[in-house]
Amino acid sequence: MELSDNARRVLEARYLRRDRRGEVAETPEEMFARVARAVADAERIDGDARRANEWEERFLRSMTSLELLPNSPTLMNAGTRLGLLSACFVLPVEDSLEQIFDSVKNLALVQRAGAGTGFSFSHLRPAGGVLESSGGQASGPVELMQVFDCVTQHIQQGGRRRGANMGVLRFDHPDVLDLVRAKMKRETLTTFNVSIAVTDELMEAVVRDEAYPLVHPSTGRVVGRMSATELFDAVAHAAWHTGDPGLLFLDAIERHNPTPALGRMEATNPCGEVPLLPYESCNLGSINVARMTRQEPGRSEIDWERLRETTHVAVRFLDDVVTVNRFPVAECERASLLTRKIGLGLMGLAEMLVRLGVPYGSEESERVSEDVMRFVQSEALLASRELAEERGPFPAWKDSVWAARGVPLRNATRTAIAPTGTLGILAGTTPSIEPLFALAYRRTHVLGGETLYEVSPLFVELAEAHELDVARLVDRIRDRGSLEGLDNVPRELVRLFPTALEIPAERHLRMAAAFQRHVDNSVSKTVNLPASATVQDVRDAYLEAWRLGLKGVTVFRYGSRATQVLELGAGETPHEIEHAPKCDPTECRV
């Protein structure tokens, strides 16, 4: 297998099985064989062993060729005692002591097995409210979130990594400003990404500089009013400082809810790419589009037939994941099987664009990206429809928007754009739909605090093709991460290698929007801002995200956190170019 040194280090640290002494007990090839065999067991349910063997081989071929990778829990747990293959769950939090601690218990069960959790805390009464049972005062969402945070800190997901949460609070909750300000304290809610859930009405009030009502979630009574501008400015200020909170656009999510009869979606998984109903799961996989190109005389082209075949294999693989999954909570099993949601996304976009000769963030890159995602969306729909004919539609189909359209589908949703930070390392490509973070950088605070030093082999490859002094050029970019300001570098190379911090926020957002138009779920895409960005820049980005129809948005100003996953420059220690894994931009915020 074509695995970089860093990929093998990550596999050994997080994915490969270990024996009772803690020693690595399988190879990467054996890991993929274990996963393919366990997932293909879904094909054996109807007793067709020959077909199961055929799909096991196709699943294995897609993974070992690094054309398709499932989410981390599938790689970790398939074929093991844990058996939980989903990436994340949304768990409800209702307003009673018993229900709150049921949610805490379920968090522990889910994260122990290796998945993340998302919560809406919008139903909890505000701090200071009188408790009828005791006459005491309610703790409020922010204080109770610290209980969830504390439990998460003491659980390693599947024994491999620290747990991750998403905490959502509606804009009209009386404690909304308390949550915004809480994230300014860097030692608070450290396992949480935080999003403020807003509506079109709130965003329009921001534009018109109007006030809006604050509503007690238990009684429905208006208990005050707040300036929409005050809230929005506080969010922008906090995000400028810390990267949190993001915004979750509830109306955009609800306009694309495939099963409105089952309820409204109020929360997402920790990285924000999958809005879910209570107890539903996200089951994710990503196609490596960097391997979906072919070389023609003098140029590269997208291999559409290869992309079509991989999409169909991926949809079947993910549907099989739902079938063989071992859910840690009975309610999660019922909700997940009711809608059978999957989320197929992409990684390697930035590498693909370079190979096509298209600069990331250009208008041409938007067109190419939209063409690719439109194609994957169309083929995923077709694949799910074929599975519905073979296996039956998802059980809640009769009450879904797809029944109204007369389209039987096996899966209520089929596509999502996940961050694929770690999967990008395994596949040796740029993660998700992000640009190259830098041409040389450090990946810090990973693998128990270890630092991985990386130089983009894609850049090295093209620099050698231009007959440049690669060793000297790499030495010059180690401290800055990009080609900016370097002399004697061909314009073509400078044009093809814009880095995340050089791309304007508007272009980051337009790339996200190009994908969102053809994605069932949502798009996890970081809007990278340079350290010099202002609070107004953050504010403008959040407004533009709403105008573009995104379902959620996160900004990250470089240097706004004391610790961050990716840092510019790789000059602190020597680094062998020939062993460098391919560069990838930022991981999920946690």
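D233 is partly exposed, at 33% relative accessibility. In this predicted model, D233 forms a salt bridge with R539, with 2.6 Å between the closest N and O atoms. R539 lies in helix α21 (residues 535–547) and D233 in helix α9, so the pair ties together parts that are 306 residues apart in sequence. R539 counts as buried, at 15% relative accessibility.

**Other salt bridges**
- The whole structure holds 43 salt bridges.
- One of them joins the side chains of K183 and D244, at 3.5 Å from N to O.
- K183 sits in the loop between α7 (176–182) and β7 (192–198), and D244 in the loop between α9 (228–242) and β10 (246–249), so this pair connects parts 61 residues apart in sequence.
- Both K183 and D244 are buried.
- The side chains of E390 and R391 also form a salt bridge, at 3.9 Å from N to O.
- E390 is partly exposed at 39% relative accessibility, and R391 is partly exposed at 25%.
- E390 and R391 belong to a salt-bridge network that also links E43, R51, R316, D319, D320, R340 and R410.

**D149 in helix α6**
- D149 lies in helix α6 (residues 141–153) and is buried, at 5% relative accessibility.
- The side chain of D149 makes a polar contact of 2.6 Å with the side chain of T191.
- Beyond neighbours within four places in sequence, D149 is in contact with L189, T190, T191 and F192.

**Cysteines**
- Zero disulfides are found in the whole structure.
- For C88, the nearest cysteine sulfur is that of C282, 3.8 Å away, whereas a disulfide requires sulfur atoms within 2.5 Å.
- C88 is buried at 10% relative accessibility, and C150 is partly exposed at 40%.

Methods. Residues numbered from 1 in each chain as written. Predicted model: local features only at pLDDT ≥ 70, side-chain atom pairs only at ≥ 80, totals over all residues. Heavy atoms only, no water. Buried < 20%, exposed > 50% of the residue type's maximum accessible area, 1.4 Å probe, protein only. Helix = DSSP H or I, 4+ residues; strand = E, 2+ residues; numbered from the N terminus. Polar contact = N/O pair within 3.5 Å; in protein donor to acceptor, adjacent residues only side chain to side chain. Contact = heavy atoms within 4.5 Å. Salt bridge = Lys/Arg side-chain N within 4 Å of Asp/Glu carboxyl O.
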